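Here are a few friendly notes to read alongside the model. Please keep the structure open as you go through the points.

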Amino acid sequence: MTGPFKIERRLDTPKWLKVAVPIASIFLAAIIVGILLLATGHNPFTTYHQMYSASVTADGALSSTFVYATPMLFTGLCAAFAFRMRTWNIGGEGQLYMGAVGASATGLVLGDWPRPLLIIAMILGGAFAGMLWAEIPALLRAYLRTNEILTSLMLNYVAGFFMYYLIYDSDSYWRDLSTPGASVFPTGKSLVPSASWPGITIGSFTIPMGFVLGVGLAVALLGLIRSTRYGFEMRVMGDSPQAANYSGIRTKRKILSVMAISGGIAGIAGSSQIGDFGHVLDPRGLEQAQYGYTGIVVAALALYNPLAVVLVSLLIGGLTNAGFALEGPSFPTGLVGTMEGIILFTVLGGEILARYRIGLHHRAPTTVGQAPASVTATGAAS
Amino acid sequence: MTDSVLDTGAGPAAPAAGAFPVAGLPADASGGSPKTLAIEAIEMTKRFPGVVANDRVSFAAAEGEVHALLGENGAGKTTLCNLLMGLYRPDEGKLFVGGKPVRFHSPRDAQDAGIFMVHQHLRLVESMTVAENVVLGWSPSRQLRFSPRKVETAVAEAAERFQMPVDPKARIWQLSLGERQRVEILKALYRGAKILILDEPTTVLTPQEAEQLFSSVHDMAGAGRTVIFISHKLPEVLSVADCVTILRQGRSITTVPTAGTDADDLAGLMVGREVSLEATTKVPDVPGPVVLELTGVSARGDLGAEALREVTLEVHAGEILGIAGVSGNGQRELAEVIAGLRPTTQGQVTVGGKQVPDGDPRAAIDIGIAYVPEDRMGTGISPNLTIAENLVLKSYRGKNMRRGPLLSTRKEIANAKVMIERFDIRAPGPRTLIRQLSGGNIQKVLLARELSSDPRVLVAASPTRGLDVGATQYVRGILAETARNGVAVMMVSEDLDEIFELSDRIAVFYNGRVVGVVSTAEANRQQIGLMMAGAS
């Protein structure tokens with residue numbers, strides 16, 4: 001226990017530290033991964049340079065980073081929003097699947113609508129499906145007090161099987177039965193060209209429409225949390241459900257509505273997968289990507305701040321993108337996952353350490369000086 | 001450390017021979033010979049950001065002395081203890097133990113010097129026996145074998161010697177809170193405590209258990225131990241301690257022998273102004289019209305059993321109705337039903353003739369019922385929100401806190417500044433997290449919020465429990481003033497003095513029923529006491 005250092009809890013963390021710590025943590029992660037790279041016989045600097053080029057500078061690299069970042073942005077917001085109220089919606093994955101199912105159905109049914117209306121309908125279709133799926137654990141939590149972590153997690157698998165069933169095991173509306181090979185290699189029906197969402201293109205660089213939508217959503221969510229009655233109620237609920245009930249907040253409705261918004265956002269992730277990228281319901285692709293679970297990591301790294309989710313989704317999107325580019329015979333496949341893990345570890349660890357002040361034992365605290373009398377006369381300490 | 005506490009005990013922390021290291025200390029330390037100082041703190045200062053928790057605190061206690069540290073909540077008692085027991089390190093100042101300067105880096109260092117603390121919230125492993133808890137984590141010897149029998153014998157001996165009966169083989173979960181506290185004390189003694197710090201030890205005890213503890217404390221002092229007794233209760237300090245050091249706002253004000261002082265003096269020193277422990281004079285008013293009315297209300301308790309049985313009561317505007325009774329006879333459920341937090345099974349509650357919807361806290365708030373709950377920290381406030389936010393916990397829905405569709409932080413802060421000023425809330429500022437305040441200040445925030453909505457009814461459940469003298473006085477004053485302003489006040493309290501001091505009428509609860517309602521002017525204690533015990 002005894003050592004040359006003293007560690008004390010900070011009562012308040014200065015603002016600059018809140019920004020500096022995550023950045024320092026990412027550098028620390030880079031150093032640790034560098035050692036790992038050296039141990040596996042790679043030059044860290046060349047590898048980092050390769051990663052940078054594969055995710056930012058190379059031809060089409062940045063566009064592709066945004067492709068990975070877009071779903072993570074939505075699922076990150078989904079988790080961050082619900083987690084703010086300590087409602088642990090782990091079901092972003094399943095809500096994304098259901099959103100994809102809903103958005104592709106809307107796109108297929110309303111294929112002859114004018115393009116802007118069709119796109120809006122797809123967004124809403126996905127959001128609605130995600131919402132409905134999220135309401136199952138929400139209702140169970142609000143009225144039967146089940147643990148939403150378990151129910152929302154298990155419903156991910158249900159949603160996954162449902163999606164597979166639609167394409168592989170049934171003659172559903174979503175499945176393409178028109179070609180003779182379709183029964184051997186089942187695929188979903190492709191959407192009409194007007195159902196694909198327009199991106200913003202600057203030269204060779206394209207930002208998907210979904211990403212822009214996600215940034216707008218992040219700003220709106222931040223406003224909702226910070227400066228509305230709705231957000232105030234969320235804060236009280238997250239801190240003390242009993243106090244919330246006492247102060248007249250309708251706690252059950254609150255759980256239902258927060259889960260609905262959270263699930264709706266994950267549903268839009270599904271819409272964006274259909275509208276921005278896939279244009280067809282592809283269960284295997286969606287399942288392998290695991291964007292719903294990555295969203296939880298993104299939310300945690302962003303400390304549940306919606307605007308930070310935007311940045312973190314780009315960071316993790318870039319890493320994922322670089323990982324696919326680096327993978328090869330001489331490069332261990334798990335290294336990218338390891339790096340993500342180490343970043344998570346250092347950032348969250350740094351966040352905890354930032355709450356403490358570390359100093360040397362025997363130094364006289366001359367810097368503190370004599371406290372003014374007004375400061376001493378408070379009743380706050382006990 | 002020594003080879004074995006059990007055998008030789010030659011180390012600094014275990015100076016005596018025998019199973020319990022007691023004989024090495026002067027048995028008659030409280031006698032006429034000049035006393036050696038067991039512990040001396042000189043100008044100890046501890047700062048936290050924005051606050052000086054201990055400001056040049058000094059005190060000294062001799063061997064065999066019972067020394068009380070007296071102060072209000074937030075006066076710095078807990079910080080001082082944490083300094084003494086090595087949990088915090090002082091920013092400035094010196095600490096001497098047995099005449100030698102010490103510098104603790106951890107509680108273990110303090111324990112090696114013989115300083116042990118018995119916390120308010122006991123730290124025992126419930127599934128283990130008393131003897132196991134006594135030796136848990138303590139390995140002064142290099143021997144690997146743990147001999148339960150030796151420990152049990154040693155514990156039993158000490159238990160007898162200090163009149164702290166406890167079965168060494170019993171498991172902790174089988175023991176009452178008072179017995180568990182004895183285990184904590186025995187644990188410290190077994191480990192060679194020379195200086196024992198008891199942090200508000202009577203909070204968890206019944207009056208009989210407290211008496212027993214006091215006599216054990218005297219026995220320990222008689223055996224040369226120094227006992228530091230932390231408290232904000234004046235009568236017990238006067239009865240148990242030899243000397244009292246008074247702390248106020250982080251400073252040690254003075255040290256006085258208890259022989260030459262009385263409760264009024266100590267209260268004055270503690271609060272820093274003249275306080276009278278006499279009753280707040282309540283002007284008897286002509287009662288106004290009935291505001292709150294309960295007709296045949298029944299409700300279930302937490303465990304599903306009927307806790308309220310056909311309660312019929314009325315509270316007039318401008319009066320305080322005291323609800324007396326032994327805890328657990330339906331008082332809490334009564335308050336919760338009125339506040340809409342607990343659904344009824346039959347009967348109705350009306351305010352000004354209008355029925356209050358059942359089990360709907362928001363409707364209760366809107367109809368003008370203010371409620372100060374018994375569970376202050378858990379229900380009454382949102383601990384990790386700021387003072388300003390907690391002050392608008394019920395009014396954020398109204399127009400006054402809004403700017404267009406958004407909540408206005410500026411109005412929230414302005415409101416908080418007014419309340420902090422008006423209710424004398426001691427806090428660094430409106431943005432301080434409320435959990436950092438002392439109990440009395442939290443209660444002031446609660447009252448400020450509840451009264452700022454201009455309620456017609458105020459239900460206050462145990463409003464002064466756990467508060468120090470100053471805050472208690474303040475809260476009682478507010479309740480009386482609220483009634484004078486025409487609010488119908490219902491006050492639940494287990495403290496009969498408080499009931500008699502404040503109420504106009506007293507309703508006594510027993511087993512979920514109203515046993516009787518009497519006017520305070522005509523009531524006497526014996527009568528109320530009998531009613532509380534179930535006689536009507």
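1. A definition to begin with: two residues are in contact if their C-beta atoms, placed from the backbone, lie within 7 Å. Please also bear in mind that this is a predicted model.

2. With that in hand, look at A:Leu77. Setting aside neighbours within four places in sequence, A:Leu77 is in contact with A:Gly214, A:Leu217, A:Ala218, A:Leu221, A:Ile265, A:Pro306 and A:Val309.

3. In chain A, helix α7 (residues 209–227) packs with helix α13 (residues 306–326) at an angle of about 150°, and their axes are 7 Å apart. Angles over 145 degrees count as roughly antiparallel, and α7(A) and α13(A) are therefore roughly antiparallel to each other.

4. Which residues of α7(A) and α13(A) meet? From α7(A) come A:Val215, A:Ala218, A:Leu221 and A:Leu222, and from α13(A) come A:Pro306, A:Leu307, A:Val309 and A:Val310. The residues of this contact are eight nonpolar, with no polar and no charged ones.

5. Now the nonpolar cores. The largest has 169 residues, and those that touch the most other members are A:Leu77, A:Val309, B:Ile369, B:Val457, B:Val459 and B:Val489. Helix α3 (residues 61–84) of chain A gives the most to this core, with 13 residues. A second, separate core of 70 residues includes B:Val66, B:Leu69, B:Ala110 and B:Met117.

6. Finally, the domains of chain B. The assignment gives domain 1 as 37–127 + 173–271 and domain 2 as 290–368 + 455–532. Taken over C-alpha atoms, the centres of domain 1 and domain 2 of chain B are separated by 37 Å.

Key. Residues are numbered from 1 along each chain as its sequence is written. Chains are lettered from A and ligands numbered from 1 in the order in which they are written. This is a predicted model: local features need pLDDT of at least 70, side-chain atom pairs count only at pLDDT 80 or more; totals for chains, interfaces and linings use all residues. Axes are lines fitted to C-alpha atoms, for helices over the stretch in contact, and angles run from 0 to 180 degrees between N-to-C directions. Helices (H or I, at least four residues) and strands (E, at least two) are DSSP runs, numbered from the N terminus. Angles under 35 degrees count as roughly parallel, over 145 as roughly antiparallel, 65 to 115 as roughly perpendicular and the rest as oblique. Ala, Val, Leu, Ile, Met, Phe, Trp, Tyr, Cys and Pro count as nonpolar, Asp, Glu, Lys and Arg as charged, and the others, Gly among them, as polar. Domain bounds come from an automatic or database domain assignment. A nonpolar core is a set of buried Ala, Val, Leu, Ile, Met, Phe, Trp, Tyr and Cys residues joined through C-beta atoms within 7 Å. A residue is buried if 20 or more other C-beta atoms lie within 10 Å of its own, exposed if 12 or fewer, and partly exposed in between; C-beta atoms are placed from the backbone.
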